[in-house]
Amino acid sequence: MSSNEVRDKHKKYLWPAVANYYQQPLVADRGQMQYLWDLDGKRYLDFVGGILTISVGHCNPKVTGKIKAQVDKLQHTSTLYPNEAIVALAEKLAQITPGRLQKSFFTNSGTEANEAAVMLARMATGSFEVVALRHGYSGSSLIAKALTGQAPWRRGGVVSFGITHAMNPYCYRCPLGMTYPDCGVACAQDVEAVIQTCTSGRIAAFLAEPIQGVGGFITPPPEYWKMVFNIVKKYDGLFIADEVQTGWGRTGKKWFGIEQWEVEPDILTTAKGMANGAPVGATVTTAELADTFQGLTISTFGGNPVTAVAARATIEVIEEEKLLENAHTVGAYFRKKLEELQQKYPLIGDVRGMGLMQGLELVKDRKSKEPAAAELTQLMERSRENGLLIGKGGLFGNVVRLSPPLNISQADVDEAIRLLDKSFSEVRT
Ligand SMILES: Cc1ncc(COP(=O)(O)O)c(C=O)c1O
């Protein structure tokens, strides 16, 4: 098929709500480590990574080799029979997830991981209500959409029964109009106010992303998560960290984002970067909490031998190649270079994120902070033309999301910065 044929069939046979990037969507053909090629043979440096999912490079042979071997050996049994692949993965998760988290429930996606977390929290506490954050994103099912705090992802009769939202720690656009650190992190107190005024005072859980991903890499101040954790505990709720984007070393040095704030969640959910593109999600919790699950549950494909092997192999590459360290050092270098770009282009209002999860919030004017969504659309088109893939996020569609594989080098960052610089210089403001 030609690129145009693929685009035409995509339009004809897939739901249009699942939007593509670019005016003329890029038809992906093949990938190799940090590069992606389109069907016309053009090569791109990929700083999106399948939305923070390609942790160790496209088609990394250390992962695909193990997937291929497993496909030939045993592809699927359901969870009716234990197998080596699933227990090896679960054991590894027990070792690398924070604190007392020991037991996993495997699914196919982040959405299901969050569904299972909320279900478990309700059973464990006997309470029903859940507090989430504005600007958060939790997935595509009805409960996940109800947890989500952005209108475009909540349309079509989403019922938020028993779910309520607190202010998010969005320092660049403080919902309270205050400035850090003089604010005393007042937004954290809003979680308590919400529990006191919008719930029965007894919550099953608080669920949030350590860094809001789809929201535009919104990164809380250092004190925030400990303050929120203490409030959640005061009201006997469970703290659920949604690590779908921030997991697997993405934020540098630590396996999971919440560890950067030294908080130990009761339940951790994850997916995306866990298996370098193979569809797997996990809800990990303590042995005591896992024991409180009532009745039966199953996920037919969850953690099947092939995806379990893919996840285990991805973790192995992260360990062997010291990618937690790489994400930290190359991420710090990347951040410095992005801040230099900010000095050059007034369009860049804010640079934020951690490790290899960096965002640029674009504004028409640094004083008014009017979101520059059209300019970001232009920047994306220019970057694509110049051979660099970048992502988009934020409630206002004005945040550049940069999330390359964790095994990129400083030279890749230099190349990305050169291409970004060129692309910014071509944006008409
Ligand atoms: C933080 C977060 N949670 C949950 C999800 C849902 O994951 P999935 O698309 O695998 O269902 C996403 C997806 O983008 C996410 O970013």
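# Spaces and helix contacts in a predicted model

About 100 Å³ of space lies in the largest cavity of this structure, which is a predicted model. The lining of that cavity consists of 14 residues, and those closest to its centre are Cys171, Cys174, Tyr180, Cys183 and Cys187. By class, the lining of the largest cavity comprises 13 nonpolar residues, one polar residue and no charged ones. The count of cavities of 30 Å³ or more comes to four. Such spaces are found in a simple way: a probe the size of a water molecule, rolled over the atoms, shows where empty space is left.

Tyr180, one of the residues closest to the centre of the largest cavity, is joined to Pro181 by a cis peptide bond, with omega at about 5 degrees. Pro181 is placed in the loop between strand E6 (163-166) and helix H7. Cys187 is likewise among the residues closest to the cavity centre, and Cys187 is also one of the residues of H7 that meet helix H8.

On the H7 side, the contact involves Cys187, Ala188, Gln189, Val191, Glu192 and Ile195, which meet Tyr224, Met227, Val228, Ile231 and Lys234 of H8. Divided by class, the residues of this contact are eight nonpolar, one polar and two charged.

Helix H11 (residues 323-344) and helix H13 (residues 410-425) cross at roughly 20 degrees, and their axes come within 10 Å. H11 and H13 are therefore roughly parallel to each other, and H11 passes H13 in a right-handed crossing. From H11, the contact draws on Val330, Tyr333, Phe334, Lys337, Leu338, Leu341 and Lys344; from H13, it draws on Gln410, Val413, Asp414, Ile417, Leu420, Asp421 and Phe424. Nine of the residues in the contact of H11 with H13 are nonpolar, one is polar and four are charged.

Attention now turns to an open space. The second largest pocket holds about 340 Å³. Its lining is made up of 21 residues, of which Thr79, Ile86, Ser104, Phe105 and Phe106 are the closest to its centre. Helix H4 (84-96) and strand E4 (103-107) each contribute at least two residues to the lining of this pocket. What classes of residue make up that lining? Nine of the residues are nonpolar, twelve are polar and none is charged.

Two loop residues complete the account. Pro279 lies in the loop between strand E9 (267-270) and strand E10 (281-285). Apart from neighbours within four places in sequence, Pro279 is in contact with Thr107, Asn108 and Thr307. Finally, Tyr22 is found in the loop between helix H1 (3-13) and strand E1 (28-32). The phi angle of Tyr22 is near 75 degrees, a positive value in a residue other than glycine.

Key. Residues are numbered from 1 along each chain as its sequence is written. This is a predicted model: local features need pLDDT of at least 70, side-chain atom pairs count only at pLDDT 80 or more; totals for chains, interfaces and linings use all residues. Side-chain values use heavy atoms; hydrogens and water are left out. Contact means heavy atoms within 4.5 Å. Helices (H or I, at least four residues) and strands (E, at least two) are DSSP runs, numbered from the N terminus. Ala, Val, Leu, Ile, Met, Phe, Trp, Tyr, Cys and Pro count as nonpolar, Asp, Glu, Lys and Arg as charged, and the others, Gly among them, as polar. On a 1 Å grid over the protein atoms alone, a cavity is a set of points where a 1.4 Å probe fits but cannot get out, and a pocket is an open set with protein on both sides within 12 Å along at least five of seven lines; lining residues have an atom within 4 Å of a point. Grid points are joined across faces, edges and corners, and a volume is the space filled by probe spheres set on the points. Axes are lines fitted to C-alpha atoms, for helices over the stretch in contact, and angles run from 0 to 180 degrees between N-to-C directions. Angles under 35 degrees count as roughly parallel, over 145 as roughly antiparallel, 65 to 115 as roughly perpendicular and the rest as oblique. A crossing is left-handed if the near helix is turned anticlockwise from the far one by less than a right angle, and right-handed if clockwise.
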